[in-house]
2 protein chains.
Amino acid sequence: MIRIGIDMMGGDFAPLEAVKGAAEFLNSNAQTSHVVMIGDEVAIANHLKAFTLSPDTYTIVHTSQVIEMHEHPTKALKEKQDSSIAIGFQLLATGKIDAFISAGNTGAMMVGALFTIKAIEGVIRPTIGAYIPREDGSLGLLADVGLNADCKPENLNQFAILGSLFAEHILGINNPKVGLVNLGEEEGKGNILAQATYPLLKENNQLNFIGNIEGRDILMNKADVMICDGFTGNVALKLAESIYDIVKRRNIKDEHFERFNFEAYGGVPVLGVNKPVIIGHGISQSKAFHNMINIACKMIDTNLTEKIKASFNTTSA
Amino acid sequence: MIRIGIDMMGGDFAPLEAVKGAAEFLNSNAQTSHVVMIGDEVAIANHLKAFTLSPDTYTIVHTSQVIEMHEHPTKALKEKQDSSIAIGFQLLATGKIDAFISAGNTGAMMVGALFTIKAIEGVIRPTIGAYIPREDGSLGLLADVGLNADCKPENLNQFAILGSLFAEHILGINNPKVGLVNLGEEEGKGNILAQATYPLLKENNQLNFIGNIEGRDILMNKADVMICDGFTGNVALKLAESIYDIVKRRNIKDEHFERFNFEAYGGVPVLGVNKPVIIGHGISQSKAFHNMINIACKMIDTNLTEKIKASFNTTSA
């Protein structure tokens, strides 16, 4: 039985949308999964009344504090030890849950992941990626998208390994193509970081490296895993996200641009930490929570974390 | 009389589209402007037959060589001294033309500009910006978009001054708002470069600095002049350009997204060199050439280069 822990207090619509997402998930997965709802038990129980869930499919772990969206991560985690995020990581670290999901304070989730679950041995810096919708209906992965604003070539090389394993096992892409986001296609192009990263990716036999990709290729199907520093990736991702707003405002109906609603994807996993941790958009609604739980299950089912560990042990050997 | 020099051999549709663009321009501007067409005189004269231009409105300067799109800039300029780009810069340097426009080899144009016309005293690195269409019909400016892949804070500070003067005098924006492209809005956010640039922009009294802007703000009306390193700017610009291709492919008809056809804007000026130099898209057609000539005229009419010089003298004083 997989035990998924959810921070019910995280996000703009907490705990209602988290409850709805968990209930939708349990409707079809109660045979194999158990949901641990972490947060204010009265509020959660109230919302649960609307659903006919068997009481043995979930557990409520009461917490009395909430880390708000704009609190300082380290300070908040230290001061609010009975917050849903602090308790969630405690449950994860002690093996009471197998994965932890939150749409709350991203910084606190990151700090919690790095300090309690810690980076996998050999991983210099974990990364966060984002799904990129492609016209054929598939998803690509862009990483890093903001966790690591300044990167070294070795960081990008590791993001490529982490992203490839995620794309293969979670997105189901066989032998995923890895592209280095750059300002030109030819080898030798780029800023100092990209120029120094290229040979690392090229020589990395764990990767199916296809070379440089440009900004125009990010929304296309050229590479499945697109690697860049978190500054560039963040700017590119938010630019892409803004297209959805423009399309909506202009009343354009288009199936493909509907998929630019990045909130629908739920959250992205922190890649490179020792247990599955998924961080969602603050404005996550039930569908996003449902998706996040699905991704967490898939990470557990496919043993992604163990595969990453094995990969980094191989690398350092 | 303004004398505009055009490299007739540059771009994928040379010299036909350059001839058409020049002819369209001269149809309404022959009273004040003279066009110097630089390139193969037989080919140019052949195309000119289709237009009824008075022979005193233009001059053909024959050149026997062409720098192709993928030639090495420095090598090509050295070896092809009778190329349209080499001759164009010679005419510009010696005052025979007041501005030089080309849709040819961008690298050769940059090298030519830096070595013959040179950077304005006090400008560490010139920059190239790109127009960004906004929903209200206006244009913003994003700089740098690829000329300077690695930047120092002082470079970005200078791009902000150059971009502001361009936005004010050429785009006609009064007191243009300057935004620093960053991964978060709050002061203190960013990679090392953005963090170090913020205080320079904030303290620069030549600028109307509004703070950080995010990727989601680039296509919006938040800042008129958006400053970043050339790596980030190039990725963001090409991502934005690719939206037009997606929209076309999906057969979406929308007035605003029509303006994402970046080729229509013609070229962008190299900001920070001693004379007006405009570099166009390789696929420029007549409308793009026409627009580039208009921008060159506006740069001359408004004395932009002198204003930039004055601004940098003030800065260093």
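Reader: At what angle do H1(B) and helix H10 (residues 286–301) of chain B pack?
Author: The axes of H1(B) and H10(B) lie 7 Å apart. Axes are lines fitted to C-alpha atoms, for helices over the stretch in contact, and angles run from 0 to 180 degrees between N-to-C directions. Helices (H or I, at least four residues) and strands (E, at least two) are DSSP runs numbered from the N terminus. For H1(B) and H10(B), the angle is about 50°.

Reader: What kind of model is this?
Author: Residues are numbered from 1 along each chain as its sequence is written, chains are lettered from A and ligands numbered from 1 in the order in which they are written. Local features need pLDDT of at least 70, side-chain atom pairs count only at pLDDT 80 or more, and totals for chains, interfaces and linings use all residues, because this model is predicted.

Reader: Are H1(B) and H10(B) roughly parallel or oblique to each other?
Author: Angles under 35 degrees count as roughly parallel, over 145 as roughly antiparallel, 65 to 115 as roughly perpendicular, and the rest as oblique. H1(B) and H10(B) pack at about 50°. They are therefore oblique.

Reader: Is the crossing of H1(B) past H10(B) left-handed or right-handed?
Author: A crossing is left-handed if the near helix is turned anticlockwise from the far one by less than a right angle, and right-handed if clockwise. H1(B) passes H10(B) in a crossing that is right-handed.

Reader: Which residues in H10(B) does H1(B) meet?
Author: Residues are in contact if their C-beta atoms, placed from the backbone, lie within 7 Å. From H1(B) come Glu17(B), Ala18(B), Lys20(B), Gly21(B), Ala22(B), Glu24(B) and Phe25(B). In H10(B) they meet Ser286(B), Ala288(B), Phe289(B), His290(B) and Ile293(B).

Reader: By class, how many residues of the contact of H1(B) with H10(B) are nonpolar?
Author: Ala, Val, Leu, Ile, Met, Phe, Trp, Tyr, Cys and Pro count as nonpolar, Asp, Glu, Lys and Arg as charged, and the others, Gly among them, as polar. The contact has three polar and three charged residues. Its nonpolar residues number six.

Reader: How do the axes of H1 and H10 of chain A cross, and at roughly what angle?
Author: Helix H1 (residues 16–29) and helix H10 (residues 286–301) of chain A have axes that come within 7 Å and cross at roughly 50°. That makes H1(A) oblique to H10(A). The crossing is right-handed. The angle is roughly 50°.

Reader: Which helix of chain B gives the most to the side that touches chain A?
Author: The contact takes 31 residues from chain B and 31 residues from chain A. The side of chain B holds 16 nonpolar, eight polar and seven charged residues. With 13 residues, the most comes from helix H8 (residues 230–249) of chain B.

Reader: How far apart are the C-alpha centres of domain 1 and domain 2 of chain A?
Author: Domain bounds come from an automatic or database domain assignment. For chain A it gives domain 1 (1–121 + 272–303) and domain 2 (124–262). Their C-alpha centres lie apart by 27 Å.

Reader: What gives the largest share of the side of domain 1 of chain A that touches domain 2?
Author: Nine residues of domain 1 of chain A contact seven residues of domain 2 of chain A. The domain 1 side divides into six nonpolar, two polar and one charged. Its largest share, three residues, comes from H10(A).

Reader: Is the peptide bond from Ala143(B) to Asp144(B) cis or trans?
Author: Asp144(B) is in the loop between strand E6 (139–143) and helix H6 (153–169) of chain B. With omega near 0°, the bond from Ala143(B) to Asp144(B) is cis.

Reader: In which loop does Pro15(B) lie?
Author: The peptide bond from Ala14(B) to Pro15(B) is cis, with omega near -10°. Pro15(B) lies in the loop between strand E1 (2–7) and helix H1 (16–29) of chain B.

Notes. Contact = placed C-beta atoms within 7 Å.
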